[in-house]
Amino acid sequence: MTINCKVKSIEPLAANTYQILLHPEQPVGFKAGQYLMVVMGEADKRPFSIASSPCRHEGEIELHIGAAEHNAYALEVVESMKHALEVGGDIQIDAPHGEAWIREDSQRPILLIAGGTGFSYVRSILDHCISQNIAQPIYLYWGGRDEAQLYAKQELADIANAHERIQFIPVIEETLAEWTGKQGNVLQAVSDDFDSLADFDIYIAGRFEMAGAAREQFTQNKQAKSEHMYGDAYAFI
């Protein structure tokens with residue numbers, strides 16, 4: 001469904017990363033973990049995960065878009081939204097899309113894995129799980145190049161402190177002396193922490209090569225079930 005939206009706000013989250021709030025002209029029904037397409041042209045629709053959760057978005061849709069100068073695909077979208085905000089114009093979205101939503105009927109423990117702004121995907125799922133009082137353990141691993149990229153790190157630490165069933169594990173590639181958390185590759189951090197992933201539902205968002213590596217490593221080495229691994233990338237690889 002194609003829907004016109006007003007751009008309510010654009011705020012920086014980190015270097016070249018923006019939080020964008022959209023106000024659609026009609027309600028958008030979606031499931032936690034789905035994505036939308038920003039319509040840039042008749043044959044040009046660009047996908048972005050929905051960062052808000054369906055139970056608490058109050059009619060607005062939140063996006064987190066990483067738009068570095070070398071990433072014209074995303075940067076052009078941010079520039080288009082900035083223009084719409086300035087002139088009070090509309091942008092169009094096509095939503096919802098995606099099959100990697102939270103399986104609420106499952107009782108399996110949940111493993112959420114995000115690289116960079118893939119965090120928006122797992123954020124929607126995490127917030128939905130909290131609001132719906134989903135009781136099983138939840139482990140969230142978020143990997144970034146450096147600590148600044150993990151722009152919601154304190155928010156997630158506070159959530160984990162408030163909910164005994166939730167654990168948040170940040171992982172960064174480039175560390176400073178004061179960093180006391182995990183360093184390196186986020187998939188390796190998961191592998192180091194679990195002897196087996198056979199009993200988990202695994203939700204993953206990041207580059208296609210990251211999702212492919214996760215499926216290969218976890219099914220071959222950690223007994224993960226590919227049918228219990230979810231990510232938008234798996235529809236394409």
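I began with the sheet: it is open, has six strands in the order 4-3-6-1-2-5, and pairs antiparallel. Strands here are DSSP E runs of at least two residues and helices are H or I runs of at least four, numbered from the N terminus. Two strands pair if DSSP finds at least two bridges between them.

The model is predicted; local features need pLDDT of at least 70, side-chain atom pairs count only at pLDDT 80 or more, and totals for chains, interfaces and linings use all residues. Residues are numbered from 1 along each chain as its sequence is written, and side-chain values use heavy atoms, without hydrogens and water.

Cys 5 stands opposite Pro 24 in strand 2.

Helix 2 (residues 119-131) packs on the sheet and touches strand 4 and strand 5. Contact means heavy atoms within 4.5 Å. The direction of helix 2 makes about 150 degrees with that of strand 5.

Last, I took helix 4 (residues 186-193) and helix 5 (residues 208-221): they pack at about 20 degrees, axes 10 Å apart. Axes are lines fitted to C-alpha atoms, for helices over the stretch in contact; angles run from 0 to 180 degrees between N-to-C directions. The contact includes Val 186 and Leu 187 of helix 4 and Met 210 and Phe 218 of helix 5.
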